[in-house]
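Please examine the sequence and the structure shown below.

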Amino acid sequence: MSGAKIAAAPSAVLIVYAGALLQGMTLVSFPTVSALLKQTLALSDADYGAIFLPQVALAIVGAVAGGALARMIGLKALFALALAANATSQALLAGTNFVSPSGGVDLLLAGTASLGLGFGLIGGPINAYPGLLFPHRSQTAIVAAHSLIGLGLAIGPLIAGPFIAAGTWFEFPVGLSSACAIASTAALLIRLPQPATPAAADETKATRPAASPIFWLFAAITVIYAFAEGTFSSWAVIFLRDSKGLPDMTASFALSAFWGSLVAGRLLVSVLIVRVPAKIIWVSLPVLMIAAFWLVSFADSAATGIGAFAVAGLACSAFLPLTISLAVDRFPDNVAWVSSMLIAALMTGVGVGSWLVGGLQSHLPLDALYRWSSLYPILVLALARFALDSSRGGDRRPDQSVAAETIGPP
């Protein structure tokens, strides 16, 4: 069988894109049942925020180690390992329903750690396989894979809603765990295309970005942006349910609206970027984030809550992919290393930002914290100006094709 035919095999396409969808659904599982976890495990707001710290730590470990593991065990085994870690995370989440509160907290922390590891490890396969499967349409293939991650983030709360309403919320992560386990096994059995070069061949000059102030400026921008994204997504259900007194289903719809709007925004930007310079879109999105934080803080009904989080998703949509594309353009010989490190920066910001909101709630209510969080995109705008100023002169023009290719959830 020829390489082209192998690459286009329906079973290979199915498992890669199914893995992307499942990745999105597992990422949103913990925030989806956050209100129930707080209640059954007697978690304070600070305790709930702290559950994301193991996820951050292991996501960074997975992202940094992914390149080396791909060389050691192969991209296929790495893909299966990531899916297995996601399966474990969901089994641990479901297990919190059947143990004591203290034991449940331990399982919860182990579950978020396993989820972070899976997310960190899957970055290489999810970004490599679409281009190998569709070498003549690689940009479209990668956008499709990332869009399926976003679709998983959007539909996860909707699928979980009926289980939550029926009082059997744990069946949602049980189903996800089973699906991920099946996908992990299938990834080992199905013939997947192999990269023509080592998975991280472009990392040979990885020390150069690390020694550059501009790389760390992009990393700082990513972390601060992630504070904003984590505040929006991790606290949406608790904010609307506990602070605004809205039903669980409404809170789940709002979280789905955030992720669904984020996906739609990335697809929209992937079209606009052909005609509008990436830098203009990049600096416009933080302005919309500022407005979204204020809209969310004043939401007091189903319509305003869902609408405000939809605006927030649109505001966050393409900022991270554009940040990665602009950073990669500065270091074209270190694409994999730069991308992996910025994904690690994203997870650092999401986890620390979510934890920070929990700790501050003893001093300020959530609606006030949402308004104060508008300082994040303001700071991002200030740093973005420095990044753009530093790119003038000797640096090459941002590659629009690279920017278009990276429009999608990480």
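How many aromatic pairs does the structure hold? The structure holds 18 aromatic pairs, where rings of Phe, Tyr and Trp (its six-membered ring) pair if their centres lie within 6.5 Å; planes under 30 degrees apart count as stacked, over 60 as edge-to-face and the rest as tilted. This is a predicted model, in which local features need pLDDT of at least 70 and side-chain atom pairs count only at pLDDT 80 or more, while totals for chains, interfaces and linings use all residues. Residues are numbered from 1 along each chain as its sequence is written, and side-chain values use heavy atoms, with hydrogens and water left out.

One of the pairs joins Phe 98 and Phe 170: their ring centres are 5.0 Å apart and their planes stand at 70 degrees, so the pair is edge-to-face. Phe 98 is exposed at 56% relative accessibility, whereas Phe 170 is buried at 18% (buried means under 20% relative accessible area, exposed over 50%, partly exposed in between, with a 1.4 Å probe and protein chains only).

Trp 294 and Phe 298 form a tilted pair, with 6.3 Å from centre to centre and 35 degrees between the planes. Trp 294 is partly exposed, at 41%, and Phe 298 is exposed, at 53%.

Ring pairs also link Phe 232, Phe 239, Phe 258, Trp 259, Phe 293, Phe 309 and Tyr 370 into a cluster.
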